[in-house]
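Please open the model in your viewer and keep the selection tool at hand. The tour below moves from one selection to the next and says what is found at each stop.

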Amino acid sequence: MRALLARQPEYAAGPLRRVLDRARRDDRPERLLRAAASALLLGDVHAARTAGARALAAARTTESAALEARALEYLAYGELRAGRHAQARAHAEEGVRAAVMAGYRNTAASHHAMLALAASIEGDTAAVAGYASAALATARRHGLAQAATLAEWATARADLARGRPLDAADRLGPLVGPGPRRGHFAVWMLAVPCFVEATVLAGQPQEAWGVVAGLGRWAAFGADPHAPAQYARCRALLATDDREADDLYLRALALHDESGGDFERARTELLYGRWLRRRRRLREARGLLGAALVGFDRCGAGAWADQARGELRANGALSGKEPVTGLSVLTPQQLRIARHVAEGATNREVAQRLAVSTRTVDYHLRNVFAALGVRSRVELARMVDQEQR
């Protein structure tokens, strides 16, 4: 922890892994909770969820509401980091009840902050405000930097979802910049991508230049599986050369293929589609914006989906004159995969032809099925054949 506070993550990895390894042979809930924390700091979300689940089972065996509330806190945070917002919300709701029963106000504040983060995905401004207010009331009184940072980040992300980037940038600036108001060391870097996006959309990109290098170091450390793609996206947002921006957006999408997560990928698709539309590359923009809409709808991000629909209308795709139908909703990569599959190729064969992983093909094919409303490879082949005629 001291190494992370000193911004020397390379010295933190060894001790954190030893904490994690020792807990594999230990059923004491306190050790398992420390292991869950270590795993989250290392970016090993699977290990964090495993340790949290074991800690929860141990806490329930001993009928300790306090330990149960803390275990649910790590489980909720792990699900948020993995992009599973509905599961995170369920754990946090249960965690609030356990924390209140045990009289642990600080733990309840952490759960309220995570509920605010989950609500910010959905764009429910009223819910975000309520949960964030509950978290901050305790966090500010008791000096809980992590809960306060999460709550502020959630409020800023809700601002972004509702098209208020200046408000989001003003809120996040003190949290991610240098100085005494910087957020909790284990959390503030997670908010940097939102800050970069907010400053660019607000017409103040110079405000973000000082924090992007730190995000690059964070991404290299591997503590967050989404950070490499987010770092490429941030650099694309700040790029002044169109070719460089194009390459960085494509790199971000390729990295999303490796890390998964509908919400973060859809945000990249939305920003890239918007960028393409403003450069009059309308067909490419339409495919990306359509994919973003599908991704946001899939994870229940209503306000973000509205942004994607607005961009599609501006692109002419939802004007009533040129509806988004058929294969036109697919991105170029999705279209290539759809055509290969329609020809009878297996996912492994498609991966070999396109020089990508089978997992990447699986991911894109699921998105193709969702975007086109088909349920089988036979239906997909029929649609491709009809459109080619």
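## Two helix pairs

Helices α12 and α13 are roughly antiparallel to each other, because angles over 145 degrees count as such, while those under 35 count as roughly parallel, 65 to 115 as roughly perpendicular and the rest as oblique. This is a predicted model, in which local features need pLDDT of at least 70 and side-chain atom pairs count only at pLDDT 80 or more, whereas totals for chains, interfaces and linings use all residues. Residues are numbered from 1 along each chain as its sequence is written, and side-chain values use heavy atoms, with hydrogens and water left out.

Select α12 (209-221) together with α13 (residues 227-238); helices here are DSSP runs (H or I, at least four residues), numbered from the N terminus. The two pack at an angle of about 155°, with their axes 9 Å apart, where axes are lines fitted to C-alpha atoms over the stretch in contact and angles run from 0 to 180 degrees between N-to-C directions. Their crossing is left-handed, a term used if the near helix is turned anticlockwise from the far one by less than a right angle.

Show the side chains next: Trp209, Val212, Leu215, Gly216, Trp218 and Ala219 of α12 meet Ala227, Pro228, Gln230, Tyr231, Cys234, Arg235 and Leu238 of α13, contact being defined as heavy atoms within 4.5 Å. By class, this contact has 10 nonpolar, two polar and one charged residues, with Ala, Val, Leu, Ile, Met, Phe, Trp, Tyr, Cys and Pro counted as nonpolar, Asp, Glu, Lys and Arg as charged, and the others, Gly among them, as polar.

For the second pair, select α7 (residues 105-122) and α8 (residues 125-142), whose axes come within 8 Å and cross at roughly 150°. These helices are therefore roughly antiparallel to each other, and α7 passes α8 in a left-handed crossing. On the α7 side the contact is made by Arg105, Asn106, Ala109, His112, Ala113, Leu115, Ala116, Ala119 and Ser120, and on the α8 side by Ala127, Val128, Tyr131, Ala132, Ala134, Ala135, Thr138 and His142. The residues of this contact divide into 11 nonpolar, five polar and one charged.

Move on to α11 (residues 192-201), a mostly covered helix in which eight of the 10 residues are buried; buried means under 20% relative accessible area, exposed over 50%, and partly exposed in between (1.4 Å probe, protein chains only). The buried residues are Val192, Pro193, Cys194, Phe195, Val196, Glu197, Ala198 and Thr199, and they pack against α9 (145-161), α10 (165-176), α12, α13, α15 and α17 (302-315). Just after α11, glycine 203 takes a positive phi of about 80°.

In the loop between α10 and α11, select leucine 190, which counts as buried at 7% relative accessibility. Leaving aside its neighbours within four places in sequence, leucine 190 is in contact with Tyr77, Arg81, Trp153, Trp218 and Asp224. The C-alpha atoms of leucine 190 and tryptophan 218 are separated by 9.3 Å, although these residues are 28 apart along the chain.

## Salt bridges

A salt bridge is a side-chain nitrogen of Lys or Arg within 4 Å of a carboxyl oxygen of Asp or Glu, and by this rule the count comes to 25. Select glutamate 264 and arginine 233, which form one with their closest N and O atoms 3.1 Å apart. Glutamate 264 lies in α15 (residues 262-278) and arginine 233 in α13, so the pair ties together parts that are 31 residues apart in sequence. Both glutamate 264 and arginine 233 are buried.

Arginine 31 and aspartate 26 meet in another salt bridge (3.2 Å, N to O); here arginine 31 is partly exposed at 35% relative accessible area, while aspartate 26 is buried at 9%.

## Two positive phi angles

Most residues other than glycine have a negative phi. Select glutamate 63, in the loop between α4 (45-61) and α5 (65-82), which has a positive phi of about 55° although it is not a glycine and counts as exposed at 72% relative accessibility. Finish at arginine 280, in the loop between α15 and α16 (282-298), where a positive phi of about 65° again belongs to a residue that is not a glycine; arginine 280 is exposed, with a relative accessible area of 61%.
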